[in-house]
Amino acid sequence: MSKVVTLAHGAGGAKTRELIDKVFKAHFSNPYFTSDDAAILNINPGKIAFTTDGFIVSPYEFAGGNVGKLSICGTVNDLACMGAIPKYLTCAFVIEEGFELDKLEEIAEAMEKTANEAGVKIVAGDTKVAGKGQVDGVFITTTGIGELIDGANVSGANAKPSDAVIVTGDIGRHGATILLERNEYGIEADIDSDCAPLCETVRSIFEVTDQIHVIRDATRGGVGTVLYEIAEQSNVGININAADIPVDPAIDGICKMLGLEPMYLACEGRLVIFAPMQYAQDIVDKLRKNKYSQNAAIIGQVTQEDKQRVVMTTSIGAKTYLAQPQGELLPRIC
């Protein structure tokens with residue numbers, strides 16, 4: 001087998017079969033994995049969640065992960081944010097001609113490891129090879145199916161006045177990591193991406209109460225964008241306290257040097273949760289026992305005033321509207 005991906009690997013013949021068998025099947029094999037046109041799956045009676053997402057990141061590997069890990073985390077987290085336990089994934093690859101096979105195997109290995117951690121099975125997929133320069137390395141699209149947790153009914157339109165606003169950890173870590181990996185500013189810092197599968201994190205909060213109104217993963221646009229989306233969907237106001245928002249000192253320093261707002265830097269392992277205030281501290285206590293949410297914090301609450309706006313109380317006690325995201329946010333992560 002050659003050391004790089006060639007156009008022959010995407011032609012559908014022996015080379016394609018060799019690529020699938022030696023890279024993807026080697027890492028994704030399970031009782032449901034198929035070479036046929038579609039997988040046959042066991043789904044229990046009841047409601048399912050179903051999602052699909054595409055993953056492009058430059059560079060494709062970064063401190064804390066790579067595009068393969070990101071593709072699994074992003075899809076299982078989207079399912080978890082609907083109150084679902086992920087069960088099955090499919091994945092489609094578009095690979096640039098000349099991409100190193102050793103690097104492709106590292107991506108597949110990261111997907112295998114992350115899928116195993118999330119308890120999800122990769123059951124089918126597709127591989128295409130694009131000519132040199134038509135894509136940047138490798139693009140991955142994943143589709144996921146999950147079973148809804150009993151009692152789960154979450155939506156961005158469900159936020160209610162007096163709900164607590166909770167974040168599951170320090171914010172802006174993924175966006176800051178990608179920014180530094182591109183080495184455009186000559187800044188060095190000991191940080192890595194928060195990219196992680198959050199299925200167990202979500203499952204744990206439903207052990208506290210099924211009165212969870214909203215769960216969102218703060219990916220593109222970060223926590224600030226998520227808060228504005230929820231405020232508009234639910235037609236409510238949101239008040240947050242700057243002093244309560246967890247930000248790693250290194251990320252805070254990077255943002256101050258570059259004039260960035262950590263509220264708008266992407267996360268890949270952080271959730272924003274809305275739930276009645278009476279359950280908020282118990283939810284946070286539960287979250288802090290999970291390895292991916294040890295810095296969980298209550299950062300604000302929902303109000304009936306200032307509808308569709310986010311109001312921030314600054315560290316000196318002044319109140320100001322959090323600026324709405326405009327134009328292209330930096331760094332562009334996908």
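## Ground rules

The model is predicted, so local features need pLDDT of at least 70 and side-chain atom pairs count only at pLDDT 80 or more, while totals for chains, interfaces and linings use all residues. Residues are numbered from 1 along each chain as its sequence is written, and side-chain values use heavy atoms, with hydrogens and water left out.

Searching the whole structure turns up 15 salt bridges (a side-chain nitrogen of Lys or Arg within 4 Å of a carboxyl oxygen of Asp or Glu). One of them joins D126 and K128, at 2.6 Å from N to O. D126 is partly exposed at 36% relative accessible area, and K128 is also partly exposed, at 42%. As for the cut-offs, buried means under 20% relative accessible area, exposed over 50%, and partly exposed in between, using a 1.4 Å probe and protein chains only.

Then there's E200 with R203, where the closest N and O atoms sit 3.1 Å apart. Both residues belong to helix α5, three residues apart, or about one turn of the helix. (Helices are DSSP runs of H or I with at least four residues, strands are E runs of at least two, and both are numbered from the N terminus.) E200 comes out partly exposed at 44%, and R203 is partly exposed at 33%.

R270 and D194 meet through their side chains in a salt bridge of 4.0 Å, N to O. This pair ties together distant parts of the chain, 76 residues apart: R270 is in the loop between α7 (249-258) and β10 (271-276), and D194 in the loop between α4 (173-181) and α5 (199-206). R270 counts as buried at 11% relative accessibility, and D194 is buried too, at 6%.

## The open sheet

Four strands make up an open sheet in the order β1-β6-β4-β5, with mixed pairing. Two strands count as paired if DSSP finds at least two bridges between them. At the edges are β1 (48-55) and β5 (121-130), each with a single partner strand, so one side of each has no neighbour in the sheet. Neighbouring strands are turned by 15 degrees against each other on average, direction ignored; the axes are lines fitted to C-alpha atoms, for helices over the stretch in contact, and angles run from 0 to 180 degrees between N-to-C directions.

β1 and β6 (residues 138-148) run antiparallel and are joined by eight bridges. D53 has T142 in β6 as its bridge partner.
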